[in-house]
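Please open the model in your viewer and follow the stops below. Each stop says what to select and what is there.

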Amino acid sequence: MREFLQEINWSPLWISLKTGVVATVIAFFLGIFCARQAMKMKAGAKAVLDGILTLPLVLPPTVAGFILLMIFSLRRPFGAFLMENFDIKIVQTWKGCIIAAAVIAFPLMYRNARAAFEQVDVNLIYAGRTLGMSESRIFWRIIVPAAAPGIASGTVLAFARALGEYGATSMLAGNILGKTRTVSVAIASETAAGNYGTAAFWVCVIVSISFVIVALINIISGKGMKTRRWI
């Protein structure tokens, strides 16, 4: 077992963790921003925006990956523009891992944040306005703290989704060992190569991390809530 662990290339785990953290930060701020904007819209516009923003959640990840590939490919106008003017390459790079993971994780953050905002007591908002607080201050000092459990759950879920992303990542970032190979991509690669022992090891790693994440979600969502046991 010791020899096996010594022979393991740990880069997929570090790449997955780094990708998950950065993608979660992106999804966190974009999710809160979009959820806040959605709360200000009328029902019709809100439904349209919600459908667009939630689309990556229901689409197969490979479809999202294909769309991203068509956007950022060097053969496409936008991808060529980034390369020629800013020397930024997305395809087959770690930046591609981040973008793919953030796109797939974003809907979970957005929907959890929006649902949490909808549960905030409007009387708290009215009280803040009565006290002369600005809308921005009301949002950050009243709404966000009141919606904190839902936002925290969304953040943890977004991280879990970003950590385990495979379809969009493999299409946009590829499978380059030490550069873009995440744990999920490593599992598929090792299985295809017949290295079932290595694949099983990475499966155990991702299952353990996922279990910890689920436990965190249960702890976070359970805070401040009354629980009843059925007898």
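A crossing of two helices is right-handed if the near helix is turned clockwise from the far one by less than a right angle, and left-handed if anticlockwise. Keep that in mind for the first stop. Note also that this is a predicted model.

**Stop one: α2 and α6**

Select helix α2, residues 11-39, and helix α6, residues 94-118. Their axes come within 6 Å. They cross at roughly 40 degrees. Angles from 65 to 115 degrees would count as roughly perpendicular, and those under 35 as roughly parallel. α2 and α6 are therefore oblique to each other. Which hand does the crossing of α2 and α6 have? The crossing is right-handed. Now colour the contact of α2 with α6 by residue class: 23 residues are nonpolar, 2 are polar and 4 are charged.

**Stop two: α8 and α9**

Move to helix α8, residues 135-146, and helix α9, residues 148-163. Here the packing angle is about 70 degrees, and the axes lie 5 Å apart. So α8 and α9 are roughly perpendicular to each other. Which residues meet here? On the α8 side, select V144, P145 and A146; on the α9 side, select A148, P149 and I151. The contact of α8 with α9 has 6 nonpolar residues, with no polar and no charged ones.

**Stop three: V214**

Select helix α12, residues 196-222, and pick out V214 within it. Is V214 buried, partly exposed or exposed? Its relative accessibility is 45%, so V214 counts as partly exposed. Finish with a distance from V214 to T62, C-alpha to C-alpha: 25 Å. Along the chain, V214 and T62 are 152 residues apart.

Conventions:
Residues numbered from 1 in each chain as written. Predicted model: local features only at pLDDT ≥ 70, side-chain atom pairs only at ≥ 80, totals over all residues. Heavy atoms only, no water. Axes fitted to C-alpha atoms, helices over the stretch in contact; angles between N-to-C directions. Helix = DSSP H or I, 4+ residues; strand = E, 2+ residues; numbered from the N terminus. Parallel < 35°, antiparallel > 145°, perpendicular 65-115°, else oblique. Contact = heavy atoms within 4.5 Å. Nonpolar A, V, L, I, M, F, W, Y, C, P; charged D, E, K, R; others polar. Buried < 20%, exposed > 50% of the residue type's maximum accessible area, 1.4 Å probe, protein only.
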